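Reader: Hi! Could you take me through one part of this model closely?

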Amino acid sequence: MRAGFIAEVDHGTPIRAGDEQVTLTIDGVETTAPAGTSVMAAAMMLGARIPRLCATETLEPFGSCRLCLVEIEGRKGTPASCTTPVEAGMVVRTQTERLAKLRRGVMELYISDHPLDCLTCAANGDCELQDMAGAVGLRDVRYGSSGANHLADAKDLSNPYFAYDPAKCIVCYRCVRACEDIQGTFALTVAGRGFDSRIAAGATDFLNSECVSCGACVQACPTATLIEKSVIRQGQPTRSVVTTCAYCGVGCSFKAEMQGDRVVRMAPYRHGAANEGHSCVKGRFAWGYATHEDRIRTPLVREKITDPWREATWDEAIARVAADFSRIQAQYGRDSIGAITSSRCTNEEVFLIQKLVRAAFGNNNVDTCARVCHSPTGYGLKTTFGTSAGTQDFKSVDKADVVVVIGANPTDGHPVFASRLKKRLRAGAKLIVIDPRRIDLVKSPHVRAAHHLQLRPGTNVAALNALAHVIVTEGLVNEAYVRERCDTAEFESWARFVALERNSPEQSEQFTGLRAADVRAAARLYATGGAGAIYYGLGVTEHSQGSTTVMAIANLAMATGNIGREGVGVNPLRGQNNVQGSCDMGSFPHEFSGYRHVSDDAARDMFEKMWGVTLDDEPGLRIPNMLDEAVENRFKGLFVQGEDIAQSDPDTQHVTAGLAAMECVVVLDLFLNETAKYAHVFLPGSSFLEKDGTFTNAERRINRVRQVMAPLAGKAEWQATIDLARALGYEMNYAHPSEIMDEIAALTPTFAGVSYDKLDALGSVQWPCNAAAPEGTPTMHVERFVRGKGQFMITEYTPTEERTGPRFPLILTTGRILSQYNVGAQTRRTANGAWHDEDVLEIHPFDAEERGVRTGDLVALASRSGEISLRAVISERMQPGVVYTTFHHPATGANVVTTDYSDWATNCPEYKVTAVQVRRTNQYSDWQERNREEDVSLRRMAREEGAWNDMAAAK
Amino acid sequence: MSGVAQNNRAKLARMAHQIADFFRAYPQDEASRAIADHINHFWTPRMRADFLAGPAPDDPLLKGAAPLIKPGRADRAPA
């Protein structure tokens, strides 16, 4: 083990869970191991490492390398220890002369077809083949190199992140098995037989294959056959630090493997509870943005947004913000400024921003980007269950019998969870997909949905009411559960409502487009198929009835008794790494941390005492309200933490009109993003590699984020917030983010037991973590709901006001794909562009033919809000009448087209339903042309000598 | 067209109607109380004042809710 590296013991095969223990003797030492555990793993638990090549703890035993042979008293031959389970009374010998000779013979054969270039090999020092040659004492290879071999086989360098060198392959199948068992993509195979056996990514190269670049094969490879190009370039890392990925809400743990302060690779951490050693292409490989040349490392200021940016000191920039905000409040009133917190920042950073607003700005005008994604989750689950969070841990899906995926595309949006889900589905759990698109889960290798309810966009509530109708009218309600756990009067009202004929599958078919028989079958399966778990995403929340849909989901789960134990639950798949945390931390304008309303006198009193100020007891502005007020010239100053509302929020022209009407917009970010075009002060932020703090993932898991390099801007974000608070006359004092967490714990009952010491000791905890649950809470609502009795809500279907018609006959839905992430600020600055370098419009062949559109054509996409042009891709994933695009590229401007319609309860935008028309075109839209000009005119930098530097031209 | 020219008051009226649509499934008194609670819970004083200063709603649920909506407050000076 290299010094500075985090030790991860590999037992060779999985340690089986179970109460039954087996006692045996290994090399004269009596030991016990769980029944079903392999002899290899039992030996490793004793510290006796049996030589092996094809075995690793993350994969089921395979028994192909013949290196792990052992002797067992009373048995003939030398069985493979990886495939031999422990038995009571077994006497095992792992090291004998006979075994040593056999192992040397096996190694000799491997090495006879392996290049002897260890000193110049990228895996030198981190190669299991090299280790095993040493372990078995191989001193000679008698076969020479003149015979047939694979040493001249061509490398496949097509993947931007890893290389495949078949000359170094020992055909141990670890990569193939990782692709199948861990990732579940089945992209790799072994082509040929015997000597000709070679790893193949189908009939093409890695880049063009089905491979999703999750890195599981690279992680599993015991040699340099599959290896990160960063390791080839830079060499072996010298230290590692466990931290948390800053992409999606799965919150994978990684070891940042470093040379000094330079990342060599991000290796998924096996003891990370969210990912258990797995990863996706973003977290595993797409981290290069952190040191990209576009990073802004110095504060920037300008008088007007049409002025060029000028570099400033931190002191100057902070003083400028404080002066402008103070002036604006004096001129326009205390409520004329506010802030937006970021779900990409740590809990501690977010907590400080909302404290800055409430204590130093003196109002509650703080909101977060969860406004535009999962705010309906907060409202819906708090109303029905009593708390604004998912009910399970990810591992719970291992015990699900029926999984319902609604409005989510986990293989693209939450790939590491999707792999876990697919594993469960391959083991026999049934799947119901409710989605307008034929997402990959509907049919992929060894996974096929029992039902795909391909409903029309905007009809989720009608579909869920129809499912509930079947459950109620066919007597499938878990009455004992409802009687014991739920408010029965509310249940009865709800049951009467869903039993109405208008909610039957037959009647709702006119809205949903779903065949009644399919809906009835899916309802019966969910209600009677055993443990039923629901997972959902933004296809649920980003609707005018987003909150209603969340409550309809909660109703279904309560009616069937699917809340409060492992294998069941209601689980929002959070889009960003810290959406859950940013909401927990009091980012919403009506709530303190821990979801307590600002009008709650007891809660407010606690904060006032701790913070030493009087706090406002009225809710503040949400993001859309801020922009509306800005357009009305009543909201004039905004602090934007790590968010790009000019690209991500709906109805771009309304957003930018609001921003342009403000007198001081401050953007704290890594890059000069779209919002920064409208900013007067830019404060350089820190990437996750530069942060100390915590993220909270979709399963309420609080994970540590550990700094592996100093902030490139010379100041951590939390320090900048403290400086700004002080400049505004409000004192904040923290020496380290751990002290901010201590304050969070003191003020937030669900975090009362959280500290950095505990996180370091346990690895992570899921809130609530307090005196009642000192090590956290994997499953919520076990004996009772947080609110007491579960509350059924009546969920009448109300069609959205956004209607199709002759001018706009199609429905646009938007979303994201695997290789890019949200506004793309991070992933566009990596090699992930190899898979997706522009937003495209997916359109059904029928709609395409009607319009004479072919794949690759430039098409105009127009709605009542605006028009853009982009390339079309004909796709049968779409249903006729529905088109789809992503919003990863600012030049496309997908949100120019989306509208300002929003969820009734939370104002979460209705991204998923926009009436549009599509036609062929040969030009980009007026907005796109204007935006291209503004990319230059609003991003200019002033050089020291006063000349203009056109950044775009320089590039 | 974009929302640039949107009338804030009209938007608030639309939002109130959306809230009313959700609670329409409940008995009228309960619905009106719930609508008012929701608006008091999530709308700023100024939003409430703007809404209440607008045309009186025709919707019976909103009519019932209006007297229960907390009034706004005057613009506040900096703390």
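In which sense do strand 25 and strand 26 of chain A pair, and over how many bridges?

Author: Happy to. This is a predicted model, where local features need pLDDT of at least 70 and side-chain atom pairs count only at pLDDT 80 or more, while totals for chains, interfaces and linings use all residues. Residues are numbered from 1 along each chain as its sequence is written, and chains are lettered from A and ligands numbered from 1 in the order in which they are written.

Now to your strands, which are DSSP runs of E with at least two residues, just as helices are runs of H or I with at least four, both numbered from the N terminus. Strand 25 (residues 637–641) and strand 26 (residues 664–669) of chain A pair in the parallel sense, over five bridges; two strands pair if DSSP finds at least two bridges between them. Within this pair, A:G637 stands opposite A:C664 of strand 26 of chain A.

Both strands belong to an open sheet of seven strands in chain A, with mixed pairing and the order 13-12-27-26-25-14-15. At its edges are strand 13 (310–311) and strand 15 (366–368) of chain A, each pairing on one side only.

Helix 9 (residues 347–361) of chain A packs on this sheet and touches strand 14 (337–341), strand 15 and strand 25 of chain A. Contact here means that C-beta atoms, placed from the backbone, lie within 7 Å. The direction of helix 9 of chain A makes about 170 degrees with that of strand 14 of chain A; axes are lines fitted to C-alpha atoms, for helices over the stretch in contact, and angles run from 0 to 180 degrees between N-to-C directions.

Elsewhere, chain A meets chain B: the contact takes 32 residues from chain A and 25 residues from chain B. Helix 1 (8–23) of chain B gives the largest share of chain B's side, six residues.

Note on methods
Contact = placed C-beta atoms within 7 Å.
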